[in-house]
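Hi everyone, thanks for making time for this. I'd like to walk you through a few side chains today, so let me put the structure up.

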Amino acid sequence: MLKADLHMHTKYSFDCTTTPQAIIRRCQKIGINCVAVADHGTIEGAQRVMEIAPFRVIIAEEILTPLGEVMGMFLTEPIPSNIPVDEAFGRIKAQNGLVCLPHPFDSMRGINDRGFSQIMELLPQVDVLEVFNSRAMRLGNSNGKALAFATKHGLLKSAGSDAHTAGEIGHAYVEMPEFDDVNGFRKALAQGHIFGHHTCPMIHVVSTLKTLKKRILR
């Protein structure tokens, strides 16, 4: 069985300083043996992790759209941010990737209220809904809303720590069977069981300070 943390970031993301090596050390320490690396606006970090990881790595990316963030999974090419959500979906599908909506009901980062009317029109193109994000704010019960939405609409359910520091990795994961390809992932995820807990909200302060330091050093 896999313990899959399906949402994390590396130093190649503008808001993170975690190295690929640190990710691997943390995963091996706590038994995570499948990850989806989803940096903002790039797949370079995911590629670097894949090159050296002794476990399965899914190349993913968080793409900013006017309606909020969407995630492409199983990508082979990066997708630019600040494009319309339907174009983002189309570019993901063109790579035989999966469309995932991360933290969909998080008021700070998810699809905004105006966007959900458009998302409903595009719902047949959505493959996966992230129903547990460790960084999602408890206020508003965004994870609970995501789980209810995914169940109602028959969407595959994922979970991820959304880790921007190595210590967060594994705060949420899916226990699921092994898989070999995209179709196998779909079948395995459908059999998955989600585990997770919320990360302390103070981690956002830590991440912000690290991001500011990163920008200053640049």
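Let's start with a charge and a ring: the charged end of Arg56 sits over the ring of Phe179, with 4.6 Å to the ring centre. Before I go on, please keep in mind that this is a predicted model.

Together with Phe74 and Phe185, Phe179 forms one aromatic cluster. So what is the geometry between Phe74 and Phe185? Their ring centres are 5.1 Å apart and the planes meet at 65 degrees; planes over 60 degrees apart count as edge-to-face, so that is what we call this pair.

As for accessibility, Phe74 has a relative accessible area of 18% and is buried. Phe185 is buried too, at 0%.

Next, please look over at Phe105 and Phe149. Here the ring centres lie 5.8 Å apart and the planes are at 65 degrees, so this pair is edge-to-face. Phe105 comes from the loop between strand E5 (98–101) and helix H4 (113–122), and Phe149 from helix H5, so the pair ties together parts that are 44 residues apart in sequence. Are these two buried or partly exposed? Phe105 is partly exposed, at 26% relative accessibility, whereas Phe149 is buried, at 12%. In total, the count comes to 5 aromatic pairs.

There is another charge over a ring that I'd like to show you: the charged end of Lys3 sits over the ring of Tyr173, 4.7 Å from the ring centre.

Let me finish with a serine. Ser134 is in the loop that runs between strand E6 (128–133) and helix H5 (142–153). Its relative accessibility is 0%, so Ser134 counts as buried. Which backbone oxygens does the Ser134 side chain reach? One is that of His197, at 3.0 Å. Another is that of His171, which lies 3.4 Å from a polar atom of the Ser134 side chain.

And what else is in contact with Ser134, if we set aside its neighbours within four places in sequence? Besides His171 and His197, the contacts include Gly160, Ser161, Ala172, His198 and Thr199.

Methods. Residues are numbered from 1 along each chain as its sequence is written. This is a predicted model: local features need pLDDT of at least 70, side-chain atom pairs count only at pLDDT 80 or more; totals for chains, interfaces and linings use all residues. Side-chain values use heavy atoms; hydrogens and water are left out. Helices (H or I, at least four residues) and strands (E, at least two) are DSSP runs, numbered from the N terminus. Buried means under 20% relative accessible area, exposed over 50%, partly exposed in between (1.4 Å probe, protein chains only). A polar contact is a pair of N or O atoms within 3.5 Å; within protein, one must be able to donate a hydrogen and the other to accept it, and residues adjacent in sequence count only if both atoms are side-chain atoms. Contact means heavy atoms within 4.5 Å. Rings of Phe, Tyr and Trp (its six-membered ring) pair if their centres lie within 6.5 Å; planes under 30 degrees apart count as stacked, over 60 as edge-to-face and the rest as tilted. A charge sits over a ring if NZ of Lys or CZ of Arg is within 6 Å of the ring centre and within 35 degrees of the ring normal.
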